[in-house]
Amino acid sequence: MKSQLLALAACIAAGTGPYAHAQDDWPARPIRVVVAFPAGSPGDTTARIVAEAVGQTLKQPLVVENRPGAGGNIGAEAVARAAADGYTFLQAPDTVVTINPAIYRKLNFKAEDLTPVVALANFNQMLVCGPSSGLRTLAQLDAEARKAPGALSYASGGQGVPGHLAMELYLSGAGLNVMHVPYKGPSPATQDVLAGQVPCGYLASPVVASYVSAGKLNGLAVSGDTRSVQAPDVPTMQQAGVAGYDATFREMLFAPKGTPAAIVNRMNDAVAQALARPDVKQKLQANDLDPRPESPEQTASRLRDDTAKWNAVIQKIHLQVN
């Protein structure tokens, strides 16, 4: 019996035997992609644009399933606990592994429980204010916040999500106190900013840029180092006067820990092929998403760097979420 177990272990290590054969046959059935944010979010938009093209390459459909809540933690936990057989993946922003483990007091998964597969697209957050607020520039918001600390408020898509972190990065550096109003996703937050229920929001650019270009919201600045394709008149935070500021986020694809490297690499390649297609690239860019595929090793290295960067910010502002 011992010799049989040793032989099986040797087969697995060598990439031979029945387990390797199963990997060669992958995928043999539909693949589930759990999106950790609600419909209309950048992750949901990215998943639905890319899934069809990837499915064509892999000859199996990718079934998108929304599991939103808790800054992406609900969907992330579901995938972290799923079988590592290549039939369940997580679509979520990089924050689920770079930020959430540091800010949530209770988390039922660890960053290492998720294997990075590929970065699908970069996306910005955009600082916007409703017309009734009278705020059209970052300088005006700064002045208003200093007049009555804590009186001004802003919406985000939830505790610890990119918009929340991007705004707190700015506020901590500027020494401002603006009240945070978290929502369950950027779409409902946007609707309340449009309605004047909350004066401003730091929200996903793919969600709010069209309202800015239509004149329904005032765009003050975007979080990354490049302007929005949909609202090119809105400056970056650096261009608006915040030196050294950069809060670029990425929509990611993760697999459960232990997913065979052969499957991870094949999915990475299938996504890269999809993102290289002109029709896919055009659809993503039309939604203010910038496709930037990379190898699993490059993705893992960058995530480590981003984790160190955001952990320093979290410690500085003492951010904790129950």
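**Exercise 1. Which residues in H9 meet which residues in H10?**

Solution. The model is predicted: local features need pLDDT of at least 70, side-chain atom pairs count only at pLDDT 80 or more, and totals for chains, interfaces and linings use all residues. Residues are numbered from 1 along each chain as its sequence is written, and side-chain values use heavy atoms, without hydrogens and water.

Step 1. Helices (H or I, at least four residues) and strands (E, at least two) are DSSP runs numbered from the N terminus. Contact means heavy atoms within 4.5 Å.

Step 2. From H9, Pro-186, Ser-187, Thr-190, Gln-191 and Leu-194 meet Val-207, Val-208 and Tyr-211 of H10.

Step 3. By class, this contact of H9 with H10 has five nonpolar, three polar and no charged residues. Here Ala, Val, Leu, Ile, Met, Phe, Trp, Tyr, Cys and Pro count as nonpolar, Asp, Glu, Lys and Arg as charged, and the others, Gly among them, as polar.

**Exercise 2. Describe how H9 and H10 pack.**

Solution. Step 1. Helix H9 (residues 186-194) packs with H10 at an angle of about 25°, and the axes are 10 Å apart. Axes are lines fitted to C-alpha atoms, for helices over the stretch in contact; angles run from 0 to 180 degrees between N-to-C directions.

Step 2. H9 is therefore roughly parallel to H10 (under 35 degrees is roughly parallel, over 145 roughly antiparallel, 65 to 115 roughly perpendicular, the rest oblique).

**Exercise 3. Give the strand order of the five-stranded open sheet and find its edges.**

Solution. Step 1. The order is S7-S6-S8-S5-S9, with mixed pairing; two strands pair if DSSP finds at least two bridges between them.

Step 2. Strands S7 (179-182) and S9 (218-222) are at the edges; each has a single partner strand, so one side of each lacks a neighbour in the sheet.

Step 3. Direction ignored, neighbouring strands of this sheet are turned by 25° against each other on average.

Step 4. S6 (residues 153-156) pairs with S8 (residues 200-204) in the parallel sense over two bridges. Ala-155 has Gly-201 in S8 as its bridge partner.

Step 5. Helix H10 (residues 205-213) packs on the sheet and touches S5, S8 and S9, its direction making about 40° with that of S5.

**Exercise 4. Is Ala-119 buried or exposed?**

Solution. Step 1. Ala-119 is found in strand S4 (residues 114-123).

Step 2. Its relative accessible area is 2%, so Ala-119 is buried (buried is under 20%, exposed over 50%, partly exposed in between, with a 1.4 Å probe and protein chains only).

Step 3. Beyond its neighbours within four places in sequence, Ala-119 is in contact with residues including Glu-251, Leu-275 and Arg-302.
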